[in-house]
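I opened my notebook beside the model and went through it piece by piece. Here are my entries.

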Amino acid sequence: THPERILWAEPGISKLGLADFNADIADWILPHVTGRVLSLLRCPSGTSAKCFFAKHPWSGLSDVVQRVGVGETQPMLAIDGLAGLMSFVQAGVVEIHPWGCRADHLEQPDRLIFDLDPGEDAPWEAVVEAAKELRDRLETCSLKSFVKTSGSKGLHVVVPVEPLVGWDKAKSFTASVAQAMARDRPDRYVATVAKRVRRGRIFIDYLRNDRGATAVAAYSTRALPRASVSTPLAWGELSEGLHSDHFTVGNLRHRLEFLKRDPWQGFFIIRQRIPVDPR
C-alpha cells in the first residue's frame, strides 16, 4: 500500500523504490538476515519523520514473518525469504539489525562484530587504519575477518565463527582485543562507551557481542538522508577515498552487477573458533 510514499526525501526514493531495491539485491542480503532474530527500524512516514525500533509482532504483520521465542514475554521476529523482506517494506522497515546468532541456536553466537565508531574530529583515514590493525590482530589469533561500511560514519569488522561457545566468552574475547588496542594506542583508540573520552579517537565497540545485541545487516539500507547502504568490501577496496556512506540505494546495484567476485567470498563456509583461555 502507498507505493508512492517517499521514504528518503533527498534522493526521492519511494516505498516502491525500496521494494524494487530489495528485490534486486535479495540474493545478497537474504543470507545475512534469514534465520536470525531481527530488530527493525521502522519509518512508516519516511526517514525524515518519526522512526522507531520494532522487535515484536505488530498489528497487521504478515504471517510470512516468523515469531521466535527468545525467553521474553513476547516473541521476536525472523524471516526465511523474499516474502518476509517484502512484508518489512510494507511496514516501512528501512533498517534490519540481526542478532549475532542463528534463531535456532540462540545461546552460541556464530559471528563476532567490532563496530569502529569515530569520535568527533577523528579522521576517516584513522578508521581505515583501525580496521586494518584489527584485522592483523585477529589474524594472530588465527581468525579471518571481513569488513563492511556501516552506511553511517564507521566500519564494521565481522568474524564468522563456529557456534561453540556462549555469549559471555564471545564478549570477553572481543573485549580483550578492543582493550589491547586501546591500551597500546591510547592516542588513537578507546574501548569505553563514554563520549567524553572519544574526541579524536576511534571507539572500538565490542558491546554488540552480547545476547540480544545487534548491528545493522550487510546490504541493509540506513535511515539517513542519502539512503546509504551497509556494504561489504574486500580488504583491498578499503581506502581513504571510499567513505562509509559511499554506497547507496542509487549506486549499489551498479556495483553488484559488475563485481567479478563476492567481496566476502568464503564468509559462510569458513570454519574457525573463538580462542578460549584454557585457564
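**Helix on the sheet.** I looked up helix H4 (residues 124–140) in this predicted model and found that H4 lies across strand S8 (111–118), strand S10 (155–160), S11 and S12. H4 runs at about 15° to S10. Axes here are lines fitted to C-alpha atoms, for helices over the stretch in contact, and angles run from 0 to 180 degrees between N-to-C directions. Helices (H or I, at least four residues) and strands (E, at least two) are DSSP runs, numbered from the N terminus.

**Ground rules.** I noted that residues are numbered from 1 along each chain as its sequence is written, and that side-chain values use heavy atoms, with hydrogens and water left out. The model is predicted, so local features need pLDDT of at least 70 and side-chain atom pairs count only at pLDDT 80 or more, while totals for chains, interfaces and linings use all residues.

**The sheet.** I traced an open sheet of 6 strands, in the order S11-S12-S8-S10-S9-S13. The pairing is mixed; two strands pair if DSSP finds at least two bridges between them. Which strands stand at the edges? They are S11 (189–190) and S13 (232–233). Each has a single partner strand, so one side of each is left without a neighbour in the sheet. S11 and S12 (residues 202–205) run parallel, joined by 2 bridges. I found Tyr-189 with Ile-202 of S12 as its bridge partner.

**Asp-110.** Next I checked the loop between strand S7 (93–98) and S8, where Asp-110 sits. Is Asp-110 buried or exposed? Its relative accessibility is 14%, so it counts as buried. Buried means under 20% relative accessible area, exposed over 50%, partly exposed in between (1.4 Å probe, protein chains only). Leaving aside neighbours within four places in sequence, I listed its contacts (heavy atoms within 4.5 Å). Among them are Arg-36, Cys-101, Val-159 and Pro-163.

**Cys-141.** I moved on to the loop between H4 and strand S9 (146–149), which holds Cys-141. Cys-141 counts as partly exposed, because its relative accessibility is 27%. Not counting residues up to four places away in sequence, Cys-141 touches Phe-173 and Pro-275.

**Aromatic rings.** I searched the whole structure and got 5 aromatic pairs. Rings of Phe, Tyr and Trp (its six-membered ring) pair if their centres lie within 6.5 Å; planes under 30 degrees apart count as stacked, over 60 as edge-to-face and the rest as tilted. One of the pairs is Phe-146 with Trp-264, tilted, at 5.7 Å centre to centre and 55° between the planes. This pair links distant parts of the chain: Phe-146 is in strand S9, and Trp-264 is in the segment after helix H6 (252–258), 118 residues apart. Trp-264 also forms a stacked pair with Phe-267, at 4.7 Å and 25°. Both Trp-264 and Phe-267 are buried. Phe-146 has a relative accessibility of 4%, so it is buried too. I wrote down one cluster: Phe-146, Trp-264, Phe-267 and Phe-268.

**Whole chain.** I ended with the totals. The protein chain has 6 helices and 13 strands. Of its 279 residues, 53% are buried. Among contacts between residues at least 6 apart in sequence, 68% join residues at least 24 apart. The C-alpha atoms fill a box of roughly 55 × 40 × 40 Å, taken along the principal axes.
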